[in-house]
There are 2 protein chains.
Amino acid sequence: MKNHKEGRSWIRNLPLQLSPPSLKDNTADVDRLIRGIKKGLEAEAVRIDFSLIKKATQTLRKYDYNVRAAVFQERNGWCLIDIFGAREGGGIYGLALDLGSSTLVLRLMNLEDGEVQDEVSFHNPQIEIGPDILTRIHFAAHEGGLSRLQDILIDRLNEEIGRLAEKNSINPKSIVGMSVAGNTTMTHLFLGLDPYWICREPYIPVVNSPGLITSYELGLTINPGAPVLVSPNVGSYFGGDLMAGILASGMTHQSEVSFLVDVGTNAEVVIGNRDWLMACAGAAGPALEGGVASMGMMAAPGVIDHVRIDPVTREFEIRTIQDDGSDKASQGQGPVGICGSGLIDLVAQLYLARMIDLRGKFVSDTCGDRLVEIDEIKHLIVVPPEASGTGQALTLSQTDIDGLIRSKAAMYTILTTIANTVNIPLKEIGRFYVAGTFGSYIDPQSAITIGMIPDLPIETYISLGNTSLEGASMALLSGGAKQALFQIRDRITYLELNVNQGFMNLFSAAKFIPHTDRSLFPSVKTRN
Amino acid sequence: MKNHKEGRSWIRNLPLQLSPPSLKDNTADVDRLIRGIKKGLEAEAVRIDFSLIKKATQTLRKYDYNVRAAVFQERNGWCLIDIFGAREGGGIYGLALDLGSSTLVLRLMNLEDGEVQDEVSFHNPQIEIGPDILTRIHFAAHEGGLSRLQDILIDRLNEEIGRLAEKNSINPKSIVGMSVAGNTTMTHLFLGLDPYWICREPYIPVVNSPGLITSYELGLTINPGAPVLVSPNVGSYFGGDLMAGILASGMTHQSEVSFLVDVGTNAEVVIGNRDWLMACAGAAGPALEGGVASMGMMAAPGVIDHVRIDPVTREFEIRTIQDDGSDKASQGQGPVGICGSGLIDLVAQLYLARMIDLRGKFVSDTCGDRLVEIDEIKHLIVVPPEASGTGQALTLSQTDIDGLIRSKAAMYTILTTIANTVNIPLKEIGRFYVAGTFGSYIDPQSAITIGMIPDLPIETYISLGNTSLEGASMALLSGGAKQALFQIRDRITYLELNVNQGFMNLFSAAKFIPHTDRSLFPSVKTRN
């Protein structure tokens, strides 16, 4: 964000000291304004929406032709967003939005210096209608359902926008641009477009590249002429959030080949460099997100995110996420559950302490008293009742481990399959970017240990955090980044994952810890 | 209009048989539509307004991707107007509008073969608020005045559009384009723009080139996505009607220099050829339109438009406009007044019959009994009470003649001044186009006789009729003509008429019949 160059902004604040009309220069007000903008931007074409024509002439005359124009660049020229009196002062601002299905992150940015002014995160209000995307798609098919979903989203955004503007003492009218990245369904619900066909073969969205939409068409209470940039999708399963993520990773600037992995409900995997890009998606998520394990939870305060087991004493050292977001050795209130990264840590440590074998099965000898049987299924007591925050023991069952192993095997198989398709040996991967909240908690060493990700030097793994928000911010600030977003979309090749015999063979081989072919994981071999 | 080439239309009807989506081709509906339009038109860029995105996908699915698109060309690509099912059938239509301050002429055209489908003419409903432009400008300044003026105009247009559509059995939604030519004030009132500064120094319109406006923004009940092309103005006194007139005249295609004169309340004069264009305007109108003479009237049934006086017997032969628009020797109901062309004929004939002298003064000897004195001013009885349609004598006063002579002198002076400015001797003018209703009635020979227009071969004078409507129609049908309209606007040089000593000297010399310098009017000299 720091290397943002003002000269490349596609939304600008242009001071205009126009010469007032005279008998010698009787150009009309609007044409005079256009002439001034053309000169100021060295632009060939400048467009003014009809709705702004009335206002433009009033403002010009009120401020004696001494004004400033907020403008944005479009395909072949520039377009007026709004016109202000020069004396009115004030800068121009923009919003970047990570439109998650669970959480929305709204960032207020100063469009002149590119700095982050403020940021707020809140739950997607559509959760009250349906916690997951599929429920919302079905709800949208009911009479009035689609507009209800859009309305509660826009209303909530407007509330937060109002609060952000007030807190930062800026007029919402000075918010003159917005950049939004979300998955394909969320993008459709934001735009009020029917997501019906997204989840039905052949999975066709209404639109891939909605282009720039003015904010008043969406009912947003920022400047009505503000362009809203919606990050484009490649299809139903490759959303604008992933395009933004690829942009944010910078992988398309590098000559070496990188992986970008975003693990949500689906695992989205991108491989490529500055010359080519290939992507695929597969269901690898739930177990990794902690959603499958009986004590699994979303990352939140009180949730276990790191585990260490002494290989000799087999004592457990458990860390939980604190209220301030840090993680510390559990003290005071005990842990209440485990998140995906904690689960990966736990299973890796159980393997290294030989408490599970290479098939992930509990080893009675080493588990000792911790192993109990509930409903004929073996469970490992991770936190005893007296130490837990719930008053109940936190346990990990054989079923939980089996689920995690299927998920990690799916992930490793997807990575192998896409790398094989482009004929790149996994060891030649230069960088492995992990996107998303999940990625920011995960310990790559543990993920390697269980064989979920390739056994690459640990510095290859780079956690990027919220790439959707970061990519949206970049596209808001820079015309080059905005253009790159659409180029990424157009360049990406979609790999349809055929679950054929070859895939199943790879998957079966990956269902061991770390893998049937241990030579693929030399670092795990040596440590064990 | 006959040489209209479909290939050059900027509004088109494009059949699109799109391949339905599949797992192999998962392009979204809207992007699929855009891809089809790009291919069909060999276009680089295609734009879809956000409001059409929802409809587009519904129509595509309803008609199994077998559709047709109405599209229009804009600066750097094409834009979707609407999408129809291929099975729905039907053509596409457009409207050309001559937006006169007194009379509106609305023409329905078939946009596929370029033929005129129907045409209707009616009074401007704003007349009930103010008969003249200035009254309307003042009315617009009152609270709600501007929107009232716009509303009654649009309402009336919508009525007529509905009637035209019904009469021609077409769906108003299939009217997908409109082209409007009017003077600068009328254009502003049509668009709901404040005309306040048009009549105040330095006479600045709100806008010169409004560009293409979609019909729903103006509240027109044709297809809401239809582009409305508004003919651009050069300033407050050179309206879009004149630009359309220049286009219709074809003078910008010729190497020889032409005049184009449009006499309304103002005389608008254009001189030029394919390489250059200069225009000026001056108050020469009222007397010529018949508005000054006591018996003067607008051209209408019962009004005298042609007069012949036998130079020997001095008998009057009077023709009036008939109900069917033709003119015949007066019979049955007598004449009720005289229009501008009749007045020019009358004064020319009085001069040739030596009933007025070269200063336009009545000659008692030759006028005889026809000359009476009313309120100490000499009047000539043109139609005695018993032959008139009003029961009163129709008379022409010395004041009327003096007024006409000032007007004709102003016209001739303007023509001389603008020709002098560009250094073109009047005798080198190849064609002299006369636009407007007034032009279609005028007898060039009589106008030459009184010295209003130069003494050129009679075939030099070409009456063009309603050039505003004709130009608007051309710009509706052809992309080249539309472009030419804006090129004319941009190329035209405005000549500010300085009423200085030089102008006054020319004016004084022109206040004789035909002129002080009789060598300028050799044809009049020989006949007299």
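1. Let's start with a strand pair. β18(B) and strand β19 (residues 377-383) of chain B run antiparallel to each other, paired over 4 bridges. Strands count as paired if DSSP finds at least two bridges between them. One bridge to look up: B:E373 has B:K378 in β19(B) as its partner. As for the labels, helices (H or I, at least four residues) and strands (E, at least two) are DSSP runs, numbered from the N terminus.

2. A word on what you're looking at: this is a predicted model, where local features need pLDDT of at least 70, side-chain atom pairs count only at pLDDT 80 or more, and totals for chains, interfaces and linings use all residues. Residues are numbered from 1 along each chain as its sequence is written, while chains are lettered from A and ligands numbered from 1 in the order in which they are written.

3. Back to the sheet. It is open and has 3 strands in the order β18-β19-β20 (chain B), with antiparallel pairing. Which strands stand at the edges? Those are β18 (371-374) and β20 (394-397) of chain B; each has a single partner strand, so one side of each has no neighbour in the sheet. From one strand to the next, the twist averages 45°. Helix α11 (residues 398-421) of chain B lies across β19 and β20 of chain B, at about 60° to β20(B). For such angles, axes are lines fitted to C-alpha atoms (for helices, over the stretch in contact), and the values run from 0 to 180 degrees between N-to-C directions.

4. Staying in chain B, look at helix α3 (residues 133-140) and helix α4 (residues 145-167): their axes come within 6 Å and cross at roughly 125°. α3(B) and α4(B) are therefore oblique to each other. Under 35 degrees counts as roughly parallel, over 145 as roughly antiparallel, 65 to 115 as roughly perpendicular, and the rest as oblique. B:R136, B:F139 and B:A140 of α3(B) make the contact with B:G145, B:L146 and B:L149 of α4(B). Residues are in contact if their C-beta atoms, placed from the backbone, lie within 7 Å.

5. Now chain A, where helix α14 (residues 467-477) and helix α15 (residues 479-491) pack at about 125°, with axes 5 Å apart. That angle makes α14(A) oblique to α15(A). The residues in this contact are A:M474, A:A475 and A:L477 from α14(A), plus A:A481, A:K482 and A:L485 from α15(A). They split into 5 nonpolar, no polar and 1 charged. (Ala, Val, Leu, Ile, Met, Phe, Trp, Tyr, Cys and Pro count as nonpolar, Asp, Glu, Lys and Arg as charged, and the others, Gly among them, as polar.)

6. How do the chains meet? The contact takes 28 residues from chain A and 29 residues from chain B. On the chain A side, α1 (29-41) and α2 (50-62) each supply at least two residues, and α2(A) gives the largest share, 4 residues. By class, that side has 15 nonpolar, 8 polar and 5 charged residues.

Conventions. Two residues are in contact if their C-beta atoms, placed from the backbone, lie within 7 Å.
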